[in-house]
Every structure is written in structure tokens, then in C-alpha cells.
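Biologist: Thanks for sitting down with me. Could you walk me through the side-chain contacts in this chain, starting with a charged residue?

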Amino acid sequence: MNKKIVTIFIFIVVTIILLLLSYSNNVVTIELQKKSISDTGATIIITDKGFQKHGWGAEYFLQVKENGEWKRLEPLSYIPNPDSIFPLFDYSLNEYNQLTQTLDWRNYYGELQNGTYRIVKIGFDPKTDEEVYFYSEEFEIK
């Protein structure tokens, strides 16, 4: 009887560990609302399925694909009001562990040229409060 209980306990523990390991690979996703994408902005939905939620602010940056490699897009040389680009406040997830943000990058990047881009959203690790980068899927401007 005791061997059966130990075997069941070990099975449950191993199953939980395997689930946690596979679950942690997709803890945060960033989905682009396809109809919102334009050369001046887009709306994203961040889903955070982690047991401990990441911290979220307004900050993000864009990357452009050049010659098959991702490169950080350079901001405009003159930013009229830098404080208006990334206001300093925290965003909270809703009851579905999601956060919807409408990004308007005209003041920071101007209008995007034709090309392939992705959004890099900066979150904060719940344990260390260090920055963690999460990537959206690619999108094209034509």
C-alpha cells in the first residue's frame, strides 16, 4: 500500500514539474490586433499567464528586419516632448490576465516606411524587478 502511494505521489510531482516547464515557455504573449496596424501605430494585447505577473509600463521599442536580422529602429533625432512618449505609470492586467495598449509611435519614430517590423515590449520580472523583453509577431507596412 505504501509503495502505491509513493508511486502516485512521484507521478504527480513529475507531472507538475513537466507542466510548469512547458507552461513557462509561453507565459507572456503579445498579439497584434491586425486591423489596428498602420504606419503610425498599432494596438497590442499582452497576455501574462505566469503565476507571478510581470510589471508593465508604457515603454516599448520597434525593431525592423534588415537583411534577415532584427535591428532596433532609431527614434527621431528631435523628440518634441520626451515625457509624453513613455509616461511613468504602471498598467494592470484585467481579469483575463490581459492588458490592451494602443501604441502611437508618430512622436518617437515618425511614420514607418515600407518594411517588416515587430514590437518589443518591456516587462519587469516579478522576482527581480529586472527588465525582460517580449516580442510581438512580425507585421508589415506596405
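Biologist: Let's begin with Glu66: is Glu66 buried, exposed or partly exposed?

Modeller: Keep in mind that this is a predicted model. Buried means under 20% relative accessible area and exposed means over 50%. The relative accessible area of Glu66 is 37%, so Glu66 is partly exposed.

Biologist: Which side chain does Glu66 meet in a salt bridge?

Modeller: A salt bridge needs a side-chain nitrogen of Lys or Arg within 4 Å of a carboxyl oxygen of Asp or Glu. For Glu66 the N to O distance is 3.9 Å, and the partner is Lys71. The name you want is Lys71.

Biologist: How many salt bridges does a search of the whole structure find?

Modeller: Side chains of opposite charge can pair when their charged atoms come close. Asp104 and Arg106 give one example, with 2.6 Å from N to O. Asp104 is partly exposed at 43%, and Arg106 is partly exposed at 44%. Searching the whole structure, the count of salt bridges is four.

Biologist: How far apart in sequence are the parts that Glu137 and Lys34 tie together?

Modeller: These two form a salt bridge, with their closest N and O atoms 2.7 Å apart. Glu137 sits in the loop between β7 and β8, while Lys34 sits in the loop between β1 and β2, so the pair ties together parts whose separation in sequence is 103 residues.

Biologist: Now the rings, please. Why is the pair of Phe61 and Tyr133 edge-to-face?

Modeller: By the ring-pair rule, the count of aromatic pairs comes to five. In the pair of Phe61 and Tyr133 the ring centres are 5.8 Å apart. Planes over 60 degrees apart count as edge-to-face. The pair is edge-to-face because the angle between its planes is 70°.

Biologist: Which strands hold Phe61 and Tyr133?

Modeller: The pair links distant parts of the chain, 72 residues apart. Phe61 is buried at 6% relative accessibility, whereas Tyr133 is partly exposed at 38%. Phe61 belongs to residues 55-66 and Tyr133 to residues 131-135, which are strands β3 and β7.

Biologist: Which residue lies over the face of Phe61?

Modeller: A charge sits over a ring if NZ of Lys or CZ of Arg is within 6 Å of the ring centre and within 35 degrees of the ring normal. Here the distance from the ring centre is 3.7 Å, and the residue is Arg72.

Biologist: Are Tyr108 and Tyr109 buried or exposed?

Modeller: They form an edge-to-face aromatic pair, with 4.8 Å from centre to centre and 80° between the planes. Buried means under 20% relative accessible area. Both Tyr108 and Tyr109 are buried.

Biologist: To finish with the whole chain, what percentage of the contacts between residues at least 6 apart join residues at least 24 apart?

Modeller: The chain has three helices and eight strands, in the order α-β-β-β-β-α-β-α-β-β-β from the N terminus. Of its 142 residues, 32% are buried. Among the contacts you ask about, the share joining residues at least 24 apart is 66%.

How values were computed. Residues numbered from 1 in each chain as written. Heavy atoms only, no water. Phe/Tyr/Trp six-rings, centres within 6.5 Å; stacked < 30°, edge-to-face > 60°. Helix = DSSP H or I, 4+ residues; strand = E, 2+ residues; numbered from the N terminus. Buried < 20%, exposed > 50% of the residue type's maximum accessible area, 1.4 Å probe, protein only. Contact = heavy atoms within 4.5 Å.
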